[in-house]
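Hi,

Here is the model I promised to pass on.

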Amino acid sequence: MTAALTLTDATVKRGAATVLSAAGLIVEPGEVVGVVGANGAGKTTLLRAALGLAKLEQGRAELAGRDVSTLSDAERATLAAYLPQERRVGWNLPAWRVASLGAFERPPKEARATALRALARVGLLDLQDRGVLDMSGGERARALLARLLAASAPLLVADEPAAGLDPDAQLLAMDLFREEAKIGAGVVLTLHDLSLAARFCDRVVVLAHGRVMADGAPRSSLNVDVLAAAFGLDGDLTETAVGPVLAARRRRLH
Amino acid sequence: MKDLPLNLLLLAAVLVLAAAGLWLGETRLTHAQWVQAFTDPASGPAQVLWTIRAPRTVAAIVVGAALGLAGAVMQGLLRNPLADPGVLGVSGGAGLGAALAITFGLAAIPGAVEGAALTAAVITGVILTVLAGRFREPETLILFGVALSSFAGALTSLVFNLSPSPVALTEVFAWLLGSVANRDWHDIGRELIPMAVGAGACAYAARGLVMLSLGEETAQLSGLPMARLRAAAVAGASLLTGAAVAMAGIVGFVGLAAPHLVRTSAGADPGRILLPSALAGAGLLVAADLAARVIPTDLELKLGVVTALFGAPMFALIAWRAARSWRG
């Protein structure tokens, strides 16, 4: 089967600084891949490079086996949907309208129905008519997540989808991504919560200083050595009744 | 169509204001003179009605609609409630073009000043369109617009500074204050084509404006041809502004205020707001022109002065209310 996303040997520069160097990422249909790393490690750049939003100095980005730079805007949107970290909405649009923009190319009635289904999934159906600027940050984040789901693309790319959500909503969001993967979508997320990454992702990619330091099952990616090298943490994953949990403290500098 | 009641209401308001514009004037027409105006085209009352009041009112409608639409498009494009045709420097560029044409003695040639204003606006618009394609961030476009606007203002001042003829100077000044008085049907007809093209480009860009509400990157990956839609929005707004300035000089604040009057009623949607904004702009400008005619002053007030007098406090009010959305 063709991978939903293939990024090979990608190097991206911002000014003179190299923010991503020879990084690779593969996301197969039906799997949830977590991208983790310290602030400034290149997580967002990795996603943007894969989607053709960041200019590649070298390397190649493919969606469903097709070079992303050759795709038209419309073709790219049928292959991938993106939830950026930026959550500022320009105008006080009602939540249903924001969600319906995920399915804007469908007839208005259908788009609205799709939007309402997506809002129900993120638990925001009660607030469908509320303006997103009149919502709390977490509620707005859920409305934007609903837009991503409404797009029903074969690849979902989300940059810190759990940021700003309450604990229950974080678990809900991760459950939703798992559901999408179950029906065949490839999912790639950046996360800061390593416990969440370990519990919900099939694979975890660890970035440090623009390079891929580890890529594999959570238990092998998030091992003691990687945690120390990539995050400066002394710690390990501990199994609990609800899944692995990271227990860690900052490394003392000797 | 969801906004039909809103648009019909606005249209009715424009028609009522336009009727008032035809009714009111320096000379009061008697009942018999009204009958004469409609039956005998050569009579005095007919002259007053059809060559003075009607073109003036229609010019106010057309200019107001163009500015209201241009303002709504720019606010949507820049995701900023304080954007208007003046912010991007298009009005300033058009003003400079007119000032140059008048100073070089071209005012005697019919349409030369208007042509110069429109050309300068289009040149400014082209510069902006190129910049808009190069830089995705709305902030960059605003900064370039402010720079263009200041530069055009500086050059206009330079024209004042170096102008040898006080007569030309007075003329430039009167022109920059903005007015729809003494326009004939020919003046109006000439600008309708660029306005129609501009309005078409804006209508095409509408769906892109909605998507831009969610941010540049979301819009870019939405599947819409954003580069083309963005260029259409800038080009359309520039054409509308240029043609409006060519017809009436510089009339500020209508482009800023019109979208705000209808935003809530149109569900805050920057695409749906376009038509209501054009109608609201038309109504506002006819009302402002009525005020300019009715307020008793020795010299008739200039339209641009009236809109600025009412517009500036409104600007402050909008900023006050917009502060809420920036906190979010």
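Let me start with a helix pair: helix 3 of chain B and helix 10 of chain B are roughly antiparallel to each other (angles under 35 degrees count as roughly parallel, over 145 as roughly antiparallel, 65 to 115 as roughly perpendicular and the rest as oblique). Before I go on, this is a predicted model, where local features need pLDDT of at least 70, side-chain atom pairs count only at pLDDT 80 or more, and totals for chains, interfaces and linings use all residues. Residues are numbered from 1 along each chain as its sequence is written, while chains are lettered from A and ligands numbered from 1 in the order in which they are written.

Back to that pair. Helix 3 covers residues 44-78 of chain B and helix 10 covers residues 226-248 of chain B; their axes come within 9 Å and cross at roughly 150°. Axes here are lines fitted to C-alpha atoms, for helices over the stretch in contact, with angles from 0 to 180 degrees between N-to-C directions. Helices (H or I, at least four residues) and strands (E, at least two) are DSSP runs, numbered from the N terminus. The crossing of these two helices is left-handed, the term for a near helix turned anticlockwise from the far one by less than a right angle (right-handed if clockwise). On the helix 3 side of chain B, the contact includes B:A59, B:V62 and B:L77, and on the helix 10 side of chain B it includes B:R230, B:G236 and B:T241. Contact means that the C-beta atoms of two residues, placed from the backbone, lie within 7 Å. By class, the residues in this contact are 18 nonpolar, two polar and one charged (Ala, Val, Leu, Ile, Met, Phe, Trp, Tyr, Cys and Pro count as nonpolar, Asp, Glu, Lys and Arg as charged, and the others, Gly among them, as polar).

There's another pair to look at in chain B. Helix 4 (residues 90-103) and helix 7 (residues 166-177) of chain B pack with axes 9 Å apart, at an angle of about 155°, which makes these two roughly antiparallel. Helix 4 of chain B passes helix 7 of chain B in a right-handed crossing. The residues involved include B:G95 and B:I102 from helix 4 of chain B, plus B:E171 and B:W175 from helix 7 of chain B. That contact has seven nonpolar, two polar and one charged residues.

Of the 328 residues of chain B, 50% count as buried (20 or more other C-beta atoms within 10 Å of a residue's own; exposed is 12 or fewer, partly exposed in between, with C-beta atoms placed from the backbone).

Now the interface: 22 residues from chain A and 22 residues from chain B take part. Helix 2 of chain A gives the largest share of chain A's side, four residues.

Lastly, A:D202 sits in the loop between helix 7 (194-200) and strand 9 (203-208) of chain A. A:D202 is partly exposed, with 17 other C-beta atoms within 10 Å.

Cheers
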